[in-house]
Amino acid sequence: MNICGYYPESINEGEGLRAVLFLSGCMHGCKGCFSKRTWSFRSGEPFDNNKQSEILQDLAANPLLQGITLCGGDPFFSAAELIPFITQIRTRFPHFDIWSYTGFTFEQLTVYEQYMDWKNENRDKDREGDAERNKWRDGLHPSIPIDIKSLSDRYQLLTLCDVIIDGKFVEEQRDLTLLYRGSTNQRIIDVRTSIGQQQAVLWTSASSPSY
C-alpha cells in the first residue's frame with residue numbers, strides 16, 4: 001500500500017481541523033478527475049510501519065485536530081491493508097472522527113452485510129437456493145462483481161468510519177458550491193446511523209444542520 005500525500009492540517013476535507021491522508025490507487029476512472037496521478041497503486045511512497053508511526057506521532061502532537069480524513073485514490077481499494085492503521089487511530093485517539101472519500105456507494109459497501117444476512121437465512125435450505133447463491137457469487141446482485149473477501153474488508157473499513165462522502169465524481173453533475181463534494185450525485189453519509197437504520201442517512205453538521 002502506498003500513499004501519495006499527507007496534510008497535517010486542513011479544513012477542506014471534512015468538518016473541523018483535520019489531518020488528511022491520500023491513499024494511492026483507484027480503478028473507478030472518473031471522467032474529469034482532478035487527481036489522476038493517484039490512480040496508480042504504485043504512486044507516491046510506501047505506507048510502511050515507519051511512515052505510519054510518523055503520522056501517528058504527528059496526530060498525537062496536535063491537540064487541535066478533530067479527526068482524520070482518508071482521500072485518494074480510493075481508500076476502499078486498499079481496505080485490507082488500511083484497517084490495522086485505522087484501528088490504531090480508533091484506539092489511540094478515541095475522540096477523533098474518521099471521514100473517508102470513496103467512489104463506491106454506501107449501498108455497495110454494505111452489500112457484504114446483506115450477503116451474510118441472506119447466507120444465514122438460507123443456511124439450512126436445500127439446493128434450490130443454489131441459483132440465488134450463484135447470483136451473489138457472480139456479482140449479479142446490485143453490487144460490484146468482486147469476491148466476498150473484498151466485500152468483507154470494505155465493509156469492515158466502513159464500520160471504522162464516522163462519515164463517508166460516497167459515489168463517483170460525475171463531471172456532468174459538477175457543482176463548485178457543494179460542501180466537501182465535487183458533484184451532486186455524491187452524498188455525505190452518517191455511517192453509524194446508516195448502518196443502524198440499514199439505509200443511507202445523510203450527515204448533518206451540529207453547527208449547521210442545513211448541510
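## Close-up views of a predicted model

**View 1. Ser183 and its contacts.** Setting aside residues up to four places away in sequence, Ser183 touches Lys168, Phe169, Val170, Gln173, Arg174, Asp175 and Leu178. The model shown here and in every other view is predicted. Ser183 sits in the loop between S6 and S7. The residue is buried, because its relative accessible area is 0% and the cut-off for buried is under 20%. A polar atom of the Ser183 side chain lies 3.1 Å from the backbone nitrogen of Val170.

View 2. Seven strands form an open sheet in the order S3-S1-S2-S4-S5-S6-S7. Pairing in the sheet is mixed. Strand S3 (45-46) and strand S7 (187-190) are the edge strands, and each pairs on one side only. At one end of the order, S3 pairs with strand S1 (residues 2-10) in the antiparallel sense, over two bridges. Here Asn2 stands opposite Pro46 in S3. Helix H1 (residues 49-60) packs on the sheet. H1 touches S1, strand S2 (18-23), S3 and strand S4 (67-71). The direction of H1 makes about 10° with that of S1.

View 3. S2 is largely enclosed by the rest of the structure, because six of its six residues are buried. Arg18, Val20 and Phe22 point one way from the strand. Ala19, Leu21 and Leu23 point the other way. S2 pairs with S1 in the antiparallel sense over five bridges. Val20 of S2 is the bridge partner of Tyr7. S2 and S4 run parallel and are joined by five bridges. In this pair, Phe22 stands opposite Cys71 in S4.

View 4. Strand S5 (residues 97-101) pairs with S6 in the parallel sense, over three bridges. S6 and S7 run antiparallel, joined by four bridges. Ile164 features in both pairings. Ser100 stands opposite Ile164, and Ile164 stands opposite Ile189 in S7.

**View 5. The largest nonpolar core.** This core has 35 residues. Those with the most contacts inside it are Leu21, Leu59, Phe85, Ile86, Ile89, Leu158 and Ile164. Two or more residues come from each of S2, H1, S4, helix H2 (79-92), helix H3 (106-109), H6 and helix H7 (191-197). H2 gives the most, with six residues.

**View 6. Helix H6 and Leu158.** The end C-alpha atoms of H6 are 17 Å apart, which agrees with the 16 Å that its 12 residues should span at 1.5 Å a residue. Buried residues in H6 are Ser150, Leu151, Ser152, Asp153, Arg154, Tyr155, Leu157 and Leu158. Leu158 is one of the residues with the most contacts inside the largest nonpolar core. Not counting residues up to four places away in sequence, Leu158 touches Phe76, Phe106, Leu109, Thr110, Ile164, Val191 and Ile195.

View 7. Leu160 lies in the loop between helix H6 (148-159) and strand S6 (163-166). What is its relative accessible area? The value is 15%, so Leu160 is buried. Leaving aside neighbours within four places in sequence, Leu160 is in contact with Ile83, Ile86, Thr87, Arg90 and Ile98. Leu160 and Thr87 are 73 residues apart along the chain, yet their C-alpha atoms are separated by 7.3 Å.

**View 8. Arg90 in helix H2.** Arg90 is found in H2. Is Arg90 buried or exposed? Arg90 counts as buried, because its relative accessibility is 18% and the cut-off is under 20%. Beyond residues up to four places away in sequence, Arg90 touches Phe96, Ile98, Leu160, Cys161, Asp162 and Arg192. Ile98 is in contact with Leu160 and is also touched by Arg90.

Key:
Residues are numbered from 1 along each chain as its sequence is written. This is a predicted model: local features need pLDDT of at least 70, side-chain atom pairs count only at pLDDT 80 or more; totals for chains, interfaces and linings use all residues. Side-chain values use heavy atoms; hydrogens and water are left out. Two strands pair if DSSP finds at least two bridges between them. Contact means heavy atoms within 4.5 Å. Axes are lines fitted to C-alpha atoms, for helices over the stretch in contact, and angles run from 0 to 180 degrees between N-to-C directions. Buried means under 20% relative accessible area, exposed over 50%, partly exposed in between (1.4 Å probe, protein chains only). A polar contact is a pair of N or O atoms within 3.5 Å; within protein, one must be able to donate a hydrogen and the other to accept it, and residues adjacent in sequence count only if both atoms are side-chain atoms. The expected span of a helix is 1.5 Å times one less than its number of residues. A nonpolar core is a set of buried Ala, Val, Leu, Ile, Met, Phe, Trp, Tyr and Cys residues joined through side-chain atoms within 4.5 Å.
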